[in-house]
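Dear colleague,

I am handing over the structure below, and after it you will find my notes on what turned up when I went through it. Please keep it open beside this email as you read.

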Amino acid sequence: MKDISKVLMKYLYRREWKEKYVTLSQIAEWTKSGKYRSRVDAARGFREISVDGGMVCGPMAAEELPKVMPANGAGPSYTGLVLLSFRVDEGVETLERLRRTVNLWEQTVLSFIGAEGRSLEVIVAYRLTGGGLPAAEPQVALFQQYAYKRAAEFALASTGFKPVEVAHDGSESFRISCDEQVYYHPEARPIEMVQPREPLTDESAQMVGKPAEVKLDTEVLPGYTRREMDATKFNFICRELANGREMDEDEYLMTLAAECRKAGIDKELAIKDTIAMGLFFKKDILVRSAFNAAYEKHPLGRKNPVERSLMHQQLLEEFLRRRYMFRRNSVTGDLEYQEKYRYALWWKPLTEEARNDINNAAIEEGIKVWPKDLERVLVSEHTATYDPVREWLDGLPAWDGRDRLGELADRVRTQTLGWRENFKIWMRSMVSQWRAGRDAMYGAQMVLMLVGGQGTRKSTFMRMLLPRELMPFYIDRIDFANRKEALRALSRFLLINIDEYDQVSKAQTAFLKHLIQRTDVKERKLYSTTFEQSQRYAAFCATTNSLVPLKDESGSRRYMVVEVSGVIDTDTQGDKAIDYRQLYAQIVEEIENGEEYAFTGEREQQIVAQNADYYETPNVVSIFEDHYHKPTAAEEVVLMSPTEIISALKLNPANHSYATLLGLYLRRNGFERGDGRQRRLYKLAEN
């Protein structure tokens, strides 16, 4: 491939982003010479640079580096270049090993360590079969989509590393880096591909580059050489003879030689291993004569002393590594899988149907496998754990400084004091809960409750709080009567919306208070003797049409009631679209900068005071307030006990709950008591 392709580069000049086209050889030269070394060092955390009057390093410094879009050429035209970006967190040695493998590909045009020092950027070239590239936009889009997927599949199959998933629509880009070992091969051979005719889907995906299958009849364990397999068989024969009947030295030697022949073990290897045993050390002639006699009389056999169960187990594990990838979703606890060697790559739940398909595929390769064998391999510590929330948050860009969190709060029309700042703190508490880990001391212990009329889009607004990628972890229907499932929801969902909160019973409200205060989830699974601890992820919100949703004053500090005074703006089209990546980048940065993410002290007391208007007042209290009030200094005072008040109000004195509720109301609202023997009496004034 001649270096005639010019690619688009965007760079910062006097605080303005400009564009120009550069060659790949220029990019390779800048990367090797370290033209942007100071900024790259800052991106890697080695130093700080000045940006807009402030000192920054890390990802924010990387934003200042020129950005190259290899699929966009001069003209503009399509280049056929595909960018593969491998993120490697295992260390420098792993990164260098991956680099060496990639540089051996004859299709690699350019490779170098990324700007932040934790990735390998690789460019490969594609062409149409027979030469040339598509020109029309629809054909270009399809060609780039298929080219990326095929390149990603090839990379995964040959390196074991999956490239970072990108849009693969030509918008993918990399930052100029600094790497003295940059690899540039202008004569790399482009990969030829016919022009695709339809969008890439799972149904249209095809198996490609599938490696040779390991059949059981080879009698060689996966990853073993023939010599290593013979040594394994020899060890198994020795173990069987040691556990069998007692034999003298001559009988043992002849039996060992005969069993080695039946197993097809190389004679010279068997002789050397036998001589190395303590029993026959330095008895070369004796051993060789015994094995020569055993091997010369009969041809080599095919008996395998290795247990068939072990052979099948090893072959099953190799089959699974070769054909699939598995991971455990740390939020849902479910297993997910992905087939290798397909154009379309995405993770799917490991359902019962998928398990059966995998079992059948193993049987087709001659591996005897039962469902329990598959479970034994997958449900183990060897299956990698994947945290979708952590991965999404870690992939956020640097915050651009725009207050999107405040803009989101402004969509809600309300007269509730402090709404804007309180909403920001609540959102930070939710994200802090996600990032807390299993050892969190505090959870997101405030329930955001929107109160308002029908059709004000309260529930829609709650759904808008999560980005599309995290919406599978949103739920608005929880059965608090099923306490075990409700507890489990704390670790399986990110946001629990208690829709129509007024339908929650008083007994369930007490249990909900317990859930809100929990910082983790401990449960004992069926047939298990130990408790397992899981991280709590869930934050709570609620919606209701009732203007008096609160039933228990003692738990009021756990609720932030916000009365909606109009229809909430839930339009997300055009200019009103929510940039969730920037929204959450703001939240994360504010948390890291020490902004409030918990309701404490004066702010919590303010919320409790505002909640006073939203209590469900018992009838006995309403009747009392119609007849009595707290006396002023100039008013005549009446001393009465709660029981006497009930009698004066002509209520049923047999209903003891009336006196209890009234006594609680009088104490909480600061009614003064009498002195001495009149201590049980409250000071009242008649209306």
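Is Arg404 buried or exposed? Arg404 is buried, with a relative accessible area of 12%, where buried means under 20% relative accessible area, exposed means over 50%, and partly exposed lies in between, using a 1.4 Å probe and protein chains only. Before going further, please note that this is a predicted model, in which local features need pLDDT of at least 70 and side-chain atom pairs count only at pLDDT 80 or more, while totals for chains, interfaces and linings use all residues. Residues are numbered from 1 along each chain as its sequence is written, and side-chain values use heavy atoms, with hydrogens and water left out.

Salt bridges

The structure holds 29 salt bridges, a salt bridge being a side-chain nitrogen of Lys or Arg within 4 Å of a carboxyl oxygen of Asp or Glu. One of them joins Arg404 to Asp400, with the closest N and O atoms 2.9 Å apart, and Asp400 counts as partly exposed at 46% relative accessibility. In another, Asp403 pairs with Lys424, and the closest N and O atoms are again 2.9 Å apart. Asp403 lies in the loop between helix H13 (388-394) and helix H14 (404-409), whereas Lys424 belongs to helix H15 (residues 419-435), so this pair ties together parts that are 21 residues apart in sequence; helices (H or I, at least four residues) and strands (E, at least two) are DSSP runs, numbered from the N terminus. Elsewhere, Glu19 forms a salt bridge with Lys10, the closest N and O atoms being 3.9 Å apart; Glu19 is exposed at 52% relative accessibility, and Lys10 is partly exposed at 25%.

Ser459 and its surroundings

Ser459 sits in helix H16 (residues 458-463) and is buried, with a relative accessible area of 19%. Its side chain makes a polar contact of 2.8 Å with the side chain of Asp499, where a polar contact is a pair of N or O atoms within 3.5 Å, one able to donate a hydrogen and the other to accept it within protein, and residues adjacent in sequence count only if both atoms are side-chain atoms. Leaving aside residues up to four places away in sequence, Ser459 touches Tyr474, Asn497, Asp499 and Thr543, with contact meaning heavy atoms within 4.5 Å.

Strands and a helix face

An open sheet of three strands has the order E24-E26-E25, with antiparallel pairing, and two strands pair if DSSP finds at least two bridges between them. Its edge strands are E24 (628-629) and E25 (638-640), each of which pairs on one side only. E24 and strand E26 (residues 682-686) are joined by two bridges, and His629 has Ala685 as its bridge partner in E26.

Strand E7 (residues 81-87) has six of its seven residues buried, so it is largely enclosed by the rest of the structure. E7 pairs with strand E9 (residues 119-128) in the antiparallel sense over seven bridges, and there Phe86 stands opposite Leu120.

Finally, in helix H12 (residues 371-378) the buried residues are Asp373, Leu374, Val377 and Leu378. Seen down the axis of H12, these fall within an arc of 125 degrees, so they line one face of the helix; the arc is that of the directions from the helix axis to the C-beta atoms.

With best wishes
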